[in-house]
Amino acid sequence: MARRRYRNNGYRYQSRPRNLGYEAAKKHIEEAQQLTRELGGTDQDVKRYFFSLANRELKAIMDEYGRQFGRDKQDYAERTFLDWKSGRRKMSGTVAGRLFSLLPPRMPLEKKYDLVESLWKHLGPKSNTTFTVGADVSAENVIQKITDHTLAVVKEFEIPDNFERRFEWLAAGDVAVRQKLLNHFQDLERKAIIYGAQQQVPAVIDHLSSSEGHLTHFATQELKVGNHTVRLEFDKNHTGITEGSFRPISTASKSSNDDRTWLGWIIGAAIIIFVFVLFGG
């Protein structure tokens, strides 16, 4: 087809053909972003669940999809499913949104918990803190301190919009299910914190109480407790357990720095003498 030309005030203008490929790509990106917002975060975990459905479960979803959006849409989805699953073809955001909206009413509560946990691992509350621990402190005291601190962080954590949207999507209008999902989210934090501290702290305390540990005046241990990082600084000259680091700059460290300073001066002087002899002699 010839391009259309126009005249205006003696000038000729040529209209450009519309870049359909660019428009289609832009539309797919916008659809994918919208789907991510609707699902409350990454949609990859939801896709993995969808593609793992047993044949009977998948057929029920496809049949409902056909009833709601047309038999032709169902036929296309069934023909393309294996290509979507293998990655040979990319599912559009519109199709994915329609299919995924049919999942929650048929999804077991345990699977809903899994999809809450998946989001929690990426976007849950995080913290980073240090405690100085004296020789008089028991493992139980350390565990309790870590637990109290991290649970306080969780309590102050305001559930962001992405979590709210995922709760809404998974609950599918069921208020009781939504509350269960929220409780599960909060319980994930509590269990991870308590379990992590109980598993890691006693071994460190036992080592410091052993005959080998008696020779150690200072030790550090970094723990990963759920999404939280806790650094423990064990100091035999400290009493009790206190938030924050109280480690002084050691004499050995200062001496080492002084040695490095003097070494730098000596090397610098040697270079100056070498240059003087080479070029001035």
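The predicted model holds 9 aromatic pairs. Rings of Phe, Tyr and Trp (its six-membered ring) count as a pair if their centres lie within 6.5 Å; planes under 30 degrees apart are stacked, over 60 edge-to-face, and the rest tilted. Phe163 belongs to helix α8 (residues 161-171) and Phe185 to helix α9 (residues 175-209), so the pair ties together parts 22 residues apart in sequence. Phe163 and Phe185 are both buried. Buried means under 20% relative accessible area, exposed over 50%, and partly exposed in between (1.4 Å probe, protein chains only). One aromatic cluster is formed by Phe50, Phe51, Phe81 and Phe100.

Residues are numbered from 1 along each chain as its sequence is written. Because this is a predicted model, local features need pLDDT of at least 70 and side-chain atom pairs count only at pLDDT 80 or more, whereas totals for chains, interfaces and linings use all residues; side-chain values use heavy atoms, with hydrogens and water left out.

Ala172 follows α8 and has a positive phi, near 50°. Helix α9 contains His184. The relative accessible area of His184 is 18%, so His184 is buried. Leaving aside residues up to four places away in sequence, His184 touches Tyr113, Val116 and Glu117. Contact here means heavy atoms within 4.5 Å.

Overall, the protein has 10 helices and 6 strands. These are DSSP runs, numbered from the N terminus: helices are H or I with at least four residues, strands E with at least two. Of the 281 residues, 35% count as buried. Among contacts between residues at least 6 apart in sequence, 68% join residues at least 24 apart.

An open sheet of 4 strands has the order β4-β5-β3-β6, with mixed pairing. Its edge strands, β4 (218-225) and β6 (241-243), each pair on one side only. From one strand to the next, the twist averages 20°. Two strands pair if DSSP finds at least two bridges between them. Over 8 bridges, β4 pairs with β5 (residues 228-235) in the antiparallel sense. Lys224 has Thr229 of β5 as its bridge partner. Thr220 is bridged to Glu233, also in β5. Strands β3 and β5 run parallel and are joined by 7 bridges. Ser127 stands opposite His228 in β5. Strand β5 is mostly covered, with 7 of its 8 residues buried.

Helix α7 (residues 139-156) lies across β3 (127-133), β4, β5 and β6, and runs at about 155° to β3. Axes are lines fitted to C-alpha atoms, for helices over the stretch in contact; angles run from 0 to 180 degrees between N-to-C directions. Helices α3 (residues 55-69) and α4 (residues 71-86) pack at about 145°, their axes 6 Å apart. Residues of α3 in this packing include Leu58, Met62, Tyr65 and Phe69, and those of α4 include Arg71, Gln74, Ala77 and Phe81.
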